[in-house]
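Please keep the sequence and the model at hand while reading.

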Amino acid sequence: MIGGGIRRAAVRRLLAGVLACAAMASSAEARWLKAETDRFVVYGDGSEKAVRAFASKLTAFDTLLRVYNPAAKPASPTKVQVFLLSGVSDLKRVRANLPKYTQGFYAATNEGIFAFAVDNGDMGQDDVLFHEYAHHFMLENFPTAYPAWFVEGWAEYFMTAEIKGATMTVGGYNPARAYGILSENWLPLEQVLSKTTFEIAPERRNVFYAQSWLLAHYMLSDAARAKQLDKAIKDISRGAAPIAAMEGATGASLKDLTAKLRAYRRLQTVEITLKEAPASEIRVSQLPPSADDLLLANQRLVMAALGDNDRGFLEDVRRKAARHPGDWLAERTLARAEFVLGDVAAGEAIMKRRLAASPDDREDLLLAGVGQIWAGARTPAEREMRYRAARPMLGKAFQLDKSDFRALTAYALSRTTEPAYPSENDVNVLLEARGLAPSVSETSVRAGVALARKGRRDEAERVLAVVLNNPHSGPAAAELRKLLDDGKLGQVDVTAAQKPAEEEEPAAPQEPAKASARN
């Protein structure tokens with residue numbers, strides 16, 4: 001008995017040792033992978049095959065949109081960064097206060113263009129991310145005064161694209177939207193045509209998206225109706241009321257159009273086959289071990305406004321960064337956290353040490369410069385001094401890559417405390433940054449304000465069009481319009497960093513889909 005007990009104890013100790021070694025090996029190997037193409041950067045914590053496949057799929061989807069929209073501009077040098085998330089809990093690690101049922105969102109910010117999506121079955125990752133990228137594509141290529149239903153319906157129409165090699169099929173349906181059409185009470189069509197997304201109650205947005213999709217599908221699936229839709233959209237962009245424009249273009253009353261939509265059940269799909277499957281070089285790399293702890297925390301810091309995170313979050317970042325000494329992601333995340341809500345001197349020390357080791361590291365130069373801007377935003381008395389301290393690093397970062405809008409945008413912000421702001425060069429810097437990343441609304445707003453201060457109102461209005469006509473701009477668009485019309489836009493305080501615009505969508509249903517909408 002004694003011998004047996006000793007043997008069992010030894011086995012337990014041996015097993016514990018093996019498990020401990022396994023745990024150490026697991027913690028030392030990050031799950032997160034990065035797949036980069038000429039247009040996208042895709043992050044995922046699955047297999048290399050899965051991340052590579054999604055990068056390839058996004059490349060094909062971009063090609064599809066360009067086939068359907070031949071007037072699109074050449075691709076912007078600013079890459080869209082996509083995060084494939086395994087659950088809503090990961091999504092909330094990026095933005096904790098998301099509304100219920102949110103399955104993904106897109107955000108074009110001063111520090112990059114990002115899309116996040118959760119795979120939940122009915123509203124899968126493909127549909128969510130295709131929807132978000134369709135918005136990005138529209139903003140980059142065709143910014144004008146679209147009604148909200150068309151912006152959403154157009155994205156919904158293309159998001160269900162099925163891509164199999166060189167063959168692409170458009171016109172399918174998403175189960176969540178089928179549920180909205182078949183199992184929920186419809187909104188009056190006049191509301192769908194005239195309201196913005198923010199004017200629809202959150203619990204009714206799935207129906208809004210569903211009806212917007214159905215209307216877009218109905219109009220786009222027939223050549224004659226597509227011409228009618230084009231006329232209605234052009235009339236709206238020239239100032240016509242959305243309801244009158246739709247009735248005038250279609251020759252049908254809203255009652256008749258509603259009846260036609262309720263009867264529209266046999267969806268028309270379109271299949272195109274290219275000579276060869278869209279391809280792009282895909283470079284896959286593994287992120288450092290700290291990614292499991294800090295990749296999403298870093299994104300939360302990148303996208304949050306001052307005051308959005310608390311001391312508990314800071315302490316959590318400090319604790320997790322301490323687990324990974326010398327790790328570049330851990331150091332950068334910690335430095336950013338210190339600049340944004342902690343000890344600025346600690347953030348400066350980290351970046352000074354990193355730049356001493358690699359003085360031409362563009363990402364470190366950019367973070368060191370942006371860190372000074374965040375520190376200045378926190379302490380107005382130090383703002384002018386810190387903004388000036390940021391400029392040499394931001395200027396060097398831009399010289400290392402003149403296609404990077406982030407350095408230009410931050411440099412323009414650092415100039416706002418100067419008495420001579422905005423100089424002609426300041427305006428040109430903002431316009432160049434906007435050209436490199438036209439979907440970033442804050443750059444358009446800053447450029448519009450600068451032009452208004454220079455007395456160039458008409459130019460300001462043209463620059464602001466992408467914001468004023470974006471249905472996701474919410475009340476901010478109306479406020480901007482009033483300032484512009486009242487001649488007060490040039491008086492807006494532009495010295496502080498702003499919170500990035502949020503686009504929380506597409507809305508998911510409260511129940512799974514129960515019926516099919518395709519025959």
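This is a predicted model: local features need pLDDT of at least 70, side-chain atom pairs count only at pLDDT 80 or more; totals for chains, interfaces and linings use all residues.

Residues are numbered from 1 along each chain as its sequence is written, and side-chain values use heavy atoms, with hydrogens and water left out.

The protein chain contains 22 helices and 9 strands; helices (H or I, at least four residues) and strands (E, at least two) are DSSP runs, numbered from the N terminus. Of its 519 residues, 54% are buried, that is, under 20% relative accessible area, where exposed means over 50% and partly exposed lies in between (1.4 Å probe, protein chains only). Contact means heavy atoms within 4.5 Å. Among contacts between residues at least 6 apart in sequence, 71% join residues at least 24 apart.

Two packed helices are described by the angle between their axes and the distance between the axes. Axes are lines fitted to C-alpha atoms, for helices over the stretch in contact, and angles run from 0 to 180 degrees between N-to-C directions. Helix α12 (residues 291-303) packs against helix α14 (residues 328-341) at about 35°, with the axes 9 Å apart. Residues of α12 including Leu294, Leu295 and Leu301 take part in the contact, and among those of α14 are Ala330, Thr333 and Arg336. By class, this contact has 10 nonpolar, 2 polar and 1 charged residues; Ala, Val, Leu, Ile, Met, Phe, Trp, Tyr, Cys and Pro count as nonpolar, Asp, Glu, Lys and Arg as charged, and the others, Gly among them, as polar.

A second pair is formed by helix α18 (residues 405-414) and helix α19 (residues 424-436), whose axes come within 9 Å and cross at roughly 150°. The two helices are therefore roughly antiparallel, a term for angles over 145 degrees. Phe405, Leu408, Thr409 and Ala412 of α18 meet Val429, Leu430, Glu432, Ala433 and Leu436 of α19.

Lys320 belongs to helix α13 (residues 311-322). Is Lys320 buried or exposed? Its relative accessibility is 17%, so Lys320 counts as buried. Leaving aside neighbours within four places in sequence, Lys320 is in contact with Asp293 and Leu294.

Asp486 is found in the segment after α22 (475-485). With a relative accessible area of 40%, Asp486 is partly exposed.

Key. Angles under 35 degrees count as roughly parallel, over 145 as roughly antiparallel, 65 to 115 as roughly perpendicular and the rest as oblique.
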